[in-house]
Amino acid sequence: MRCLIIIPAFNEEMNIVKVVDELIENYPQYDYVVINDGSSDDTAKICREHGYELIDLPVNLGLAGAFQTGLKYAYIKKYDCAIQFDADGQHRPEYIEPMRKKIGEGYDIVIGSRFVEEKKPLSLRMVGSFLLSMAMRVTTGCKVKDPTSGMRMFSRKMISEFALSLNYGPEPDTISFLLKQGATITEVQASMEERMEGESYLTFGRSASYMLRMLVSILFIQNFRKRKKR
Amino acid sequence: MGFVLRLLLIFASLFTTLYILKRIRQAKLQIEYAIFWLLFAGVLIIMSIFPSLMIMLTRAVGMQSPINCVFLVVIFTLMLKIFMQTIEHSQLEDKVKQLTQRLAIEEKLRQDEKKEAMEEKSNDSV
C-alpha cells in the first residue's frame, strides 16, 4: 500500500529541515512531498539545496489550495492513501502507521486525534473544538472528537474526490459533508507537539472568523450540497 | 418601517439565500464567499421581523426615521464589502500575472535546456 505524506509549508524555513530529515531518516517506507505555498522566506530554496521532493507553488494559495495540489499529485501518481502533515513539527510520524492500518481496514478518512484516549482539556482554545464536535454530532450523528486536527489521512477514493472538486477544503465542514454522504471515518490517538519555531497563523481574530465560517457551513450550508457522481 | 417594505426585504433576503444555496449545490460557488451573503440576508430578515431593534438603534444614533437607519446599515456594509473586494481583486490580478509569467519563463527555460543538450551532442559528434 503506497502512502504519500503531503507537507504544506508556508514560511517554514526554521522547521522544514528537521521535519523532513526525520521522515527521510526514520521513515523511508513512505513517500513525501513538500508543497511550498508561495513562501516569502527561503523555504523553497532550502528544500532545493537539501534535494527534497518539492512542488513549488509560484503564488500563495492558502492551506486548502496547497494541500489540494498535493492530493492532485497523489491522484496522478496513483497513491493508495495520502496524509496531511504539518511542516511546523506538530505532527509525529510514528502515528502514520496505525492510521494507515485503518485505511487498510477500509475506512475512507482517518483523523490523527488528540482526544481518543485523553480527555479534552477545558481551555479557551478547546471551546471551538467542542462547538464543532457538537455541530457535527447534530448534523451527522457521528462523534468526531478532534475535528480541528490537521493530521488527516485519506483513502484512494477520497483522494480523487478532494483532488477534482470545488468546496473540498481539508476542513471540518467537508468532513461533515462526507460523513452525511456515507463516508466512513475513524480516529486514532496521536499526541501532538507545540510548533517548534516561528509564529502560528492562528491569531484570536482569525480563529473566531474561522469558527463562524465553519459553524455556518456545517449547520446550514452543508445540508444543501449535492455530491457529484463519478 | 412600513409593512410592504418589511415584506419586500424578507422576500428579497429569502430569494438571495435560495439562489446562493443553489449555486453551492451546483458546485459553482465557494463556501467562503457564500457566508457573507447568507449572514447579510439573515440580518435583513431579522431587521424586518423585529423592527423594534431598528427603532432602538435609530434612537441611539439620533436619527429621524428607522428606515434611514436600515439604509445606513446596508450602505455601510456594502461599502465595506466592495472595498474588501477591491483589495481581493487586485491581489487576484497580481497572482494571475505571476502565474502567467512563471509558466512562460519555465517553458523558455525548458527550451533553453533542450537547445543546450542538442548543442553538446553536436559538439561531441564533431
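This note sets out points on the helix packing, the chain contact and selected residues of a predicted model.

1. Helix 1 of chain A. This helix spans residues 16-26, and A:Ile16, A:Val19 and A:Val20 are buried in it. They lie on the same side of helix 1 of chain A, because the arc they cover around the axis is only 85°. The face turned away from that buried side carries A:Asp21, A:Glu25 and A:Asn26, which are exposed. As to what the buried residues pack against, the partners are strand 1 (3-9), strand 2 (31-37) and helix 2 of chain A.

2. A:Thr43. This residue belongs to helix 2 of chain A, which covers residues 43-50. A:Thr43 counts as buried because 25 other C-beta atoms lie within 10 Å, where 20 or more are required. When neighbours within four places in sequence are set aside, its contacts are A:Ala9, A:Asn11, A:Glu12, A:Glu13, A:Ile16 and A:Asn36. One of these, A:Ile16, is also among the buried residues of helix 1 of chain A.

3. Helices 5 and 7 of chain A. Two packed helices are described by the angle between their axes and the distance between the axes. For helix 5 (residues 124-140) and helix 7 (residues 172-180) of chain A, the angle is about 20° and the axes are 10 Å apart. The two helices are therefore roughly parallel to each other, the cut-off for that description being under 35 degrees. Helix 5 of chain A passes helix 7 of chain A in a right-handed crossing. Helix 5 contributes A:Leu132, A:Met136, A:Thr139 and A:Thr140 to the contact, and helix 7 contributes A:Pro172, A:Ser176, A:Leu179 and A:Lys180. By class, the residues of this contact comprise four nonpolar, three polar and one charged.

4. Helices 1 and 2 of chain B. Helix 1 (residues 3-25) and helix 2 (residues 31-49) of chain B have axes that come within 9 Å and cross at roughly 160°. These helices are therefore roughly antiparallel to each other, since angles over 145 degrees are classed in that way. The crossing of helix 1 of chain B past helix 2 of chain B is left-handed. On the side of helix 1, the residues that meet helix 2 include B:Leu9, B:Ile10, B:Ile20 and B:Ile24; on the side of helix 2, they include B:Trp37, B:Leu38, B:Leu44 and B:Ile45. The contact has eleven nonpolar, four polar and one charged residues.

5. Contact between the chains. Chain A and chain B each supply 14 residues to the contact. Helix 8 of chain A (residues 204-219) gives the most to the side of chain A that touches chain B, namely three residues. That side of chain A has six nonpolar, three polar and five charged residues.

6. Positive phi values. Most residues other than glycine have a negative phi. A:Lys78 has a positive phi, near 60°, and lies in the loop between helix 3 (62-76) and strand 4 (81-84) of chain A. A:Lys78 counts as exposed because it has 9 C-beta neighbours inside 10 Å. B:Ala27 also has a positive phi, near 55°, and is located in the loop between helix 1 and helix 2 of chain B. B:Ala27 counts as partly exposed, with 15 C-beta neighbours inside 10 Å.

Definitions and conventions
Residues are numbered from 1 along each chain as its sequence is written. Chains are lettered from A and ligands numbered from 1 in the order in which they are written. This is a predicted model: local features need pLDDT of at least 70, side-chain atom pairs count only at pLDDT 80 or more; totals for chains, interfaces and linings use all residues. Helices (H or I, at least four residues) and strands (E, at least two) are DSSP runs, numbered from the N terminus. A residue is buried if 20 or more other C-beta atoms lie within 10 Å of its own, exposed if 12 or fewer, and partly exposed in between; C-beta atoms are placed from the backbone. Two residues are in contact if their C-beta atoms, placed from the backbone, lie within 7 Å. The arc is that of the directions from the helix axis to the C-beta atoms. Ala, Val, Leu, Ile, Met, Phe, Trp, Tyr, Cys and Pro count as nonpolar, Asp, Glu, Lys and Arg as charged, and the others, Gly among them, as polar. Axes are lines fitted to C-alpha atoms, for helices over the stretch in contact, and angles run from 0 to 180 degrees between N-to-C directions. Angles under 35 degrees count as roughly parallel, over 145 as roughly antiparallel, 65 to 115 as roughly perpendicular and the rest as oblique. A crossing is left-handed if the near helix is turned anticlockwise from the far one by less than a right angle, and right-handed if clockwise.
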